[in-house]
Amino acid sequence: MKFKEKWLSSDGWYRRGPILPAFIFLLVVTQIPFLFSIYYSLTSWKANQVRIPREFIGIQNYIDLFDDRFFKSAAWISITMTVSAVLLSILLGIIFALLLDRKFFGQGIVRTLIITPFLVMPVVAALVWKNQFLGANFGILNWLLELFGFDTIEFASKQPFWSIVAVLVWQWTPFMMLIILAGLQSQSDSVLEAAKVDGANKRSTFFQITLPHLRPYLELGVLLGVIYLSQVFDHISVIRVSSKSKNVPYYVFERSIGGGWEFGQASAYSIVVVIASIIIATFGLRVLSGLIADNEGA
Amino acid sequence: MKKFLLSLSTWVLAILFFFPVFWMFLNSFKTDFDASTDPKLFFSPTLEQFREVIDSKFWEAFASSFFIVIVSTIIVMLLAVPAAYALSIKPIPKWRDMLFFFISTKFLPIVAGILPIYILADALSLLNSRTVLIILYTAMNLPLAVWMLNSFFREVPKELIEAARIDGASIRSQITSVILPIVAPGLAATALLCFIFAWNEFFFALQLNVNDYQTVPIWVKGAVDERGNFIAELSAASTLATMPVIIAGWFAQKKMIRGLSMGAIK
């Protein structure tokens with residue numbers, strides 16, 4: 001074996017080279033801001049009050065955080081909003097995927113119609129729903145309510161939380177459906193055939209064979225759903241900002257560059273969010289590593 | 001008969017689900033009067049709203065968005081392709097940990113980073129520039145692109161690369177004549193998904209870039225929403241803002257989801 005070849009096949013920098021630009025870029029852009037955040041969170045920095053000196057105050061911001069009922073409410077809304085949106089879109093996604101996993105006239109067109117909401121710009125989706133569906137003046141839902149003799153409801157202000165969840169579910173159901181559909185279509189026909197021969201009915205086939213087979217796909221859907229839906233901002237800012245709809249990202253924004261300018265305090269909030277995310281991520285990555293390991297074994 | 005009913009209900013559900021998009025499209029051809037009275041399916045269509053939108057600053061926003069999104073997508077691909085190559089075709093030791101690092105950055109809440117990014121951008125006079133959004137959109141999409149490309153590269157049969165190597169093909173020609181033709185559709189789907197996410201992005205654009213080089217989502221919200229109930233004009237603007245991405249997504253739907261799920265699941 002020639003020397004050069006040996007060097008190439010060794011675990012040298014030659015192999016790592018191609019990954020370094022991406023790695024370093026991501027390290028700099030995503031990790032360095034957090035180091036700054038940690039430092040800011042230990043200071044009394046209020047950007048709109050020049051006269052108040054920016055001092056090192058230790059963990060005071062973190063102590064204040066526990067007395068902040070607004071933060072607690074935002075944290076609760078973050079959790080409930082993410083959980084309801086992810087669960088509902090997975091449920092609807094399963095229903096759509098099962099309906100689409102058959103041969104019928106216009107299958108491709110139906111799939112295309114269903115995935116469209118996922119492609120719509122979130123700001124536009126929120127605006128269209130707010131004005132043209134939920135609104136009391138021009139909204140179709142209210143027009144229907146009136147048609148059947150009910151009073152109109154300004155959904156966005158009366159039910160801000162569920163109005164937002166409805167739009168999120170509308171946008172994320174297609175995504176979940178596509179992942180679940182990929183799972184259904186990877187199911188081997190022979191297994192389903194065998195179940196049929198053994199006299200299993202459709203219901204027990206679904207719960208005992210299909211659902212376990214779908215598990216990794218559902219886990220992937222939950223994982224990606226949680227990543228994106230826990231960070232919702234656009235829909236809230238368009239549909240309705242109220243104490244019933246403000247999640248943590250929105251609250252931190254509001255306390256800092258959204259008008260509060262309390263950089264020290266807001267940084268403490270964001271660090272707490274990071275810690276919570278690390279806990280969720282550890283769990284999520286374990287799921288993920290299960291997925292990759294399974295793949296490797298196959 | 002039962003089959004027919006099932007198909008019919010699938011169609012009905014799909015049409016209901018699609019209806020908001022259809023309604024937005026329809027309203028964009030109405031006059032403001034038609035759009036803000038009782039919902040109607042039949043009316044005399046007008047292009048008046050599109051004319052209004054096109055005469056406004058919409059095209060400036062469209063051009064800024066297009067520039068920012070295209071440049072960031074190109075950078076993402078330039079960084080992600082070699083990275084995915086080193087994760088899949090010639091895997092580095094501990095490639096799994098490396099892949100985890102890329103994905104784990106997506107778990108970090110954006111809001112937690114925005115403050116230092118804002119302060120840093122301000123210090124470097126990058127606020128209200130295109131550069132700051134290009135950098136952030138690249139960072140936002142890079143993990144996803146690495147994840148997807150890794151799965152597409154893994155589908156390339158190792159024997160093919162081996163055969164080319166034995167025939168004396170250099171690494172460069174192994175890449176250009178064996179690997180690239182196979183992964184080309186995957187590359188296109190990945191670039192499209194990055195394009196979609198960057199095109200639709202609102203949070204960073206709102207925080208860092210509201211004055212000069214406004215992007216489309218900011219323009220839609222600012223120019224139309226805050227002026228009150230211009231339903232018809234809002235619909236026209238929304239239609240123009242969403243169409244590029246919707247059409248691109250229709251073409252790439254199958255590939256995109258395969259790239260997203262294959263990395264985890266075979």
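This is a predicted model: local features need pLDDT of at least 70, side-chain atom pairs count only at pLDDT 80 or more; totals for chains, interfaces and linings use all residues.
Residues are numbered from 1 along each chain as its sequence is written, and chains are lettered from A, with ligands numbered from 1, in the order in which they are written.

Let's start with the overall build. Chain B has 12 helices and zero strands, taken as DSSP runs numbered from the N terminus (helices: H or I, at least four residues; strands: E, at least two). Its C-alpha trace spans about 70 × 70 × 30 Å along the principal axes.

One helix is worth a look. Helix α9 (residues 171-200) of chain B spans only 38 Å between its end C-alpha atoms, whereas a straight helix of 30 residues would span 44 Å at 1.5 Å a residue (the expected span is 1.5 Å times one less than the number of residues). α9(B) bends by about 60° at L180(B), with a proline, P181(B), following within four residues; the bend is the angle between axes fitted to the seven residues ending there and the seven starting there.

Now for the partner chain. In chain B, 74 residues are in contact with 77 residues of chain A, contact meaning C-beta atoms, placed from the backbone, within 7 Å. Helix α12 (residues 231-262) of chain B gives the largest share of chain B's side, 13 residues.

How values were computed: Two residues are in contact if their C-beta atoms, placed from the backbone, lie within 7 Å.
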